[in-house]
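Subject: Structure handover

Hi,

Here is the structure for your files. My notes on it follow below.

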Amino acid sequence: MDFKSHLETAWHLTLKYIVSLLLITLVMGVVSFLSLGILAPVTMAGYMQSILMMVRSGREPKIQDLFSEMRLFLPLLAFGIVVAIASMIGFSILFLPGIVIVCGVTFVCLYMMPLMTDRNFGLIDAVKESFRIVTGDGLMDHVIVAILFMGISAIGSSVFVGWLFTQPLATVFLMRVYEEKVAGNAPTPPANQPPSPPEGPDKTRDNSEDEITLKYKM
């Protein structure tokens, strides 16, 4: 994987759409804070999908995009609660187990949200598919992607103004990788699979019956 190219492109795209990205990131932070974190997962889903559309087609991010994935509110809220409880238990035991849980969940679910918003995967199927991707071919590439994503995000997390810039940069980078390595290779969600076509013998029988009927009429 050409990490240098992805990082450079993410940097240029972030600068190109800096005003829109700063605004949508600020609103996401405010909404998450005022809702006590309840709306954080679903607005992050809308945030990622908005940035994916920016990466894919040059569509400028909009504030209303944050609320475009409200259909995922309940599953993402439940997922967030489970992860929060697991992390709290880990941190209450020792600091290291909590860090391991957070990093492990981030790695396993690296592509979970875009799979849900872009490919319409359900929560469980998205987690399974994300796990399959990151642990399959190119394992170390995805490990580096996760490290870069978490590292860039964390750089500005100690300062609110810094987070406003590093969060979109990290997300643009992740969506670049998703678009190139995942979007075109992810299978169709199980729930959306089309019904199996009729078997050959049935078609042959129907065609034969039609021919007999036609001959009879002649």
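**Helix α4, both sides**

Exposed means over 50% relative accessible area, buried under 20%, and partly exposed in between, with a 1.4 Å probe and protein chains only. The buried residues of α4 are L76, S87 and G90. Down the helix axis they fall within an arc of 60°, so they line one face. That arc is taken over the directions from the helix axis to the C-beta atoms. The cover over these buried residues includes α3 (40–57), α5 and α6 (112–118). Contact here means heavy atoms within 4.5 Å.

The expected span is 1.5 Å times one less than the number of residues.

**Before you go further**

This is a predicted model: local features need pLDDT of at least 70, side-chain atom pairs count only at pLDDT 80 or more, and totals for chains, interfaces and linings use all residues. Residues are numbered from 1 along each chain as its sequence is written, and side-chain values use heavy atoms, with hydrogens and water left out.

**Overall**

The protein has ten helices and zero strands. Helices (H or I, at least four residues) and strands (E, at least two) are DSSP runs, numbered from the N terminus. Along the sequence the pattern reads α-α-α-α-α-α-α-α-α-α. Of the 218 residues, 38% count as buried. Take the contacts between residues at least 6 apart in sequence: 71% of them join residues at least 24 apart. The protein exposes about 12300 Å², and carbon and sulfur atoms supply 68% of that. Accessible areas come from the Shrake-Rupley method with a 1.4 Å probe; for residues, only the protein chains shown count as cover.

**Helix α8**

This helix covers residues 139–155. Its 17 residues should span 24 Å at 1.5 Å a residue, and the end C-alpha atoms are 24 Å apart, which agrees. H142, V145, A146, F149, I152 and S153 are buried in α8. They fall within an arc of 140° seen down the axis, so they line one face of the helix. An α-helix has 3.6 residues a turn, so residues three or four places apart point the same way. The face of α8 turned away from the buried side carries exposed M140, I147 and I155.

**T166**

T166 sits in helix α9 (residues 160–182). Which residues does T166 touch, leaving out those up to four places away in sequence? They are I152, S153, I155 and G156. T166 is buried, at 10% relative accessible area.

**Nonpolar patch**

F91, F95, L96, I99, V100 and V102 make a nonpolar surface patch of about 550 Å². Patch residues have over 30% relative accessible area and no salt bridge; like charges are joined within 9 Å, and nonpolar side chains (Val, Leu, Ile, Met, Phe, Trp, Tyr) within 5 Å. A salt bridge is a side-chain nitrogen of Lys or Arg within 4 Å of a carboxyl oxygen of Asp or Glu. Helix α5 (residues 95–108) gives the largest share of the patch, five residues. V102 is found in α5 and counts as partly exposed, at 34% relative accessibility.

**T188**

T188 lies in the loop between α9 and α10 (200–217). T188 is partly exposed, with a relative accessible area of 44%. T188 and N120 are 68 residues apart in sequence and 8.8 Å apart in space, C-alpha to C-alpha.

Best wishes
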